[in-house]
Amino acid sequence: MKKNNKKDFDNKNLIGNTDNVESQNDLSNGFDDLMYDSLDGDYQYFDGNEFDEVEEKSEKSASEEYLIAETQENIILPEVEGAEIALVEDNRPIKVREIAVQSDTTKVNAFDLFFLRLWAGMVSLLGYTANGINYIFYKIFKHKLPVKYIKAFLVALVIILLLIMILVPATANSQPKSKGDGGLVVFESNMIPVQVRVDDGSGDPVYKWGYLEKKKASTGTKDSLKIPAIYEEALPFNRYDIAWVRVRDEKGHYWQLINKNGKRVGDRMYAVSNSLPIGVRPFGEFTDSKLAWVNENGKFGYIDIKGNVKINCDLDVAGDFIEGIARVGRGAYQWFIDKKGNIIGRARDYVEVLDFSCGLGAVNQGGRWGFINKKGKEVIELKYDAVSRFVDGYAMVKMGKTFGLIDTDGNLVINTQWFYDIVINNSVFEEFIENHK
């Protein structure tokens, strides 16, 4: 850019008296031009083609902003005859616009840096662990192992643990249940109980129960039964590959356990008891404790999956083992036991107890209900008129005419001031409200 533009511009008397010019003195330094100082449209005046100030202003870091020069299209210079004008390229003034450039580089770098630090920390931890194991191994056996082998072993161990954490819950959730919604039986075995018509020689239709393999369920006939149809009633095989069947002989009706080969499990048979309500079978379910209650001669006890008696039948009350604990009772008192028959807490303090759930069992002393833990300690005060068992961490309670919900710490989650005005879509709570209206 020429530095003598201003001088030449003054000497040649480029602009005369025109209507478009306010005064000759104002134009003694040339014409004014407009420069954009920002994107908001603010203007700054400068004289002639002197760009020294602009050049000084534009001396900023290239990383902070750029200066973009564009030719001015909308300025018309007055034509003066004989005037000699020394202008920049294209004989037009230059408009300078500043643009601040913001980059996302900082954000990307910070994101990458987090994972780099995480990776570095994991590698460092792996190295420290390997060196520690090597040190301990050396102290014990006076011999060092290659650290790279120890690291490889640790990495493999972590991968195996992650696979177990992913696969085991998925496998557990895919296990069939004994009963689905609406009481639908979901078979836990490939043996299916079926009822077929048999000929006993009397000429009358007689129906008996047997077992058919699942793979033949769609095409099989009564002649292809895996276990013959000789039972009055047959229940599905459970997870322990045993099933309860009812037989009938000259002595009466009895329940017994069989295996998948149709052989009797154990030497005990349990008669249909008159002491139980009509329709109630004289046995319970085999739970995770592999124990089930049975009723023999009007008394309750427990057997294992091999049919052996584990807790003698001398109890008046017995419930299923839940979370390794069962409720039992004798006379006017009830209490809890573990699968070895050991008493949890005290045996002569409570007149009624409910099954354990969420690590707590409901107990009734003197007409007031509360909860104890698995050590027999009262952790929720005995102050309620009625309680339900816990479901998903909550139990329903009643005080006077008020229903409410408590959590496992005994805190009131819902404390209503209305009578009956709790609507909860849960069968346990709905039954509780119905029974305590």
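Strands themselves are DSSP runs of E, at least two residues long, and helices are runs of H or I of at least four, both numbered from the N terminus.

With that in hand, look at β12 (residues 291-296) and β13 (residues 299-304): six bridges join them, and they run antiparallel. V294 stands opposite G301 in β13. The two strands make a hairpin with two residues between them, and N297 in that turn has a positive phi of about 60 degrees. β12 is mostly covered, with five of its six residues buried; buried means under 20% relative accessible area, exposed over 50%, and partly exposed in between, using a 1.4 Å probe and protein chains only.

Now the caveats. This is a predicted model, so local features need pLDDT of at least 70 and side-chain atom pairs count only at pLDDT 80 or more, while totals for chains, interfaces and linings use all residues. Residues are numbered from 1 along each chain as its sequence is written, and side-chain values use heavy atoms, with hydrogens and water left out.

So how confident is the predictor? pLDDT is its confidence in each residue, from 0 to 100. The protein chain averages 75, and 66% of the residues score at least 70. Strand β21 (residues 368-372) is highest, at a mean of 96, and strand β4 (residues 94-100) is lowest, at 42. Over residues 83-106 the pLDDT is below 50, yet beyond near neighbours in sequence that stretch has 55 contacts in the model, a contact being heavy atoms within 4.5 Å.

Next, Q334, which sits in strand β17 (residues 333-338). Is Q334 buried or exposed? It counts as buried, because its relative accessibility is 13%. Its side chain reaches the backbone nitrogen of V353 at 3.1 Å. Leaving aside neighbours within four places in sequence, Q334 touches several residues, among them V317, V328, Y350 and V353.

Last stop: an open sheet of four strands, ordered β23-β24-β25-β26, with antiparallel pairing. β23 (386-387) and β26 (412-415) are at the edges with a single partner strand each, so one side of each has no neighbour in the sheet. β25 (residues 402-407) pairs with β26 over three bridges, and L405 stands opposite I414 in β26. Helix α5 (residues 427-435) lies across β23, β24 (394-399) and β25, at about 10 degrees to β24; axes are lines fitted to C-alpha atoms, for helices over the stretch in contact, and angles run from 0 to 180 degrees between N-to-C directions.

Key
Two strands pair if DSSP finds at least two bridges between them. A polar contact is a pair of N or O atoms within 3.5 Å; within protein, one must be able to donate a hydrogen and the other to accept it, and residues adjacent in sequence count only if both atoms are side-chain atoms. pLDDT is the predictor's confidence in each residue, from 0 to 100.
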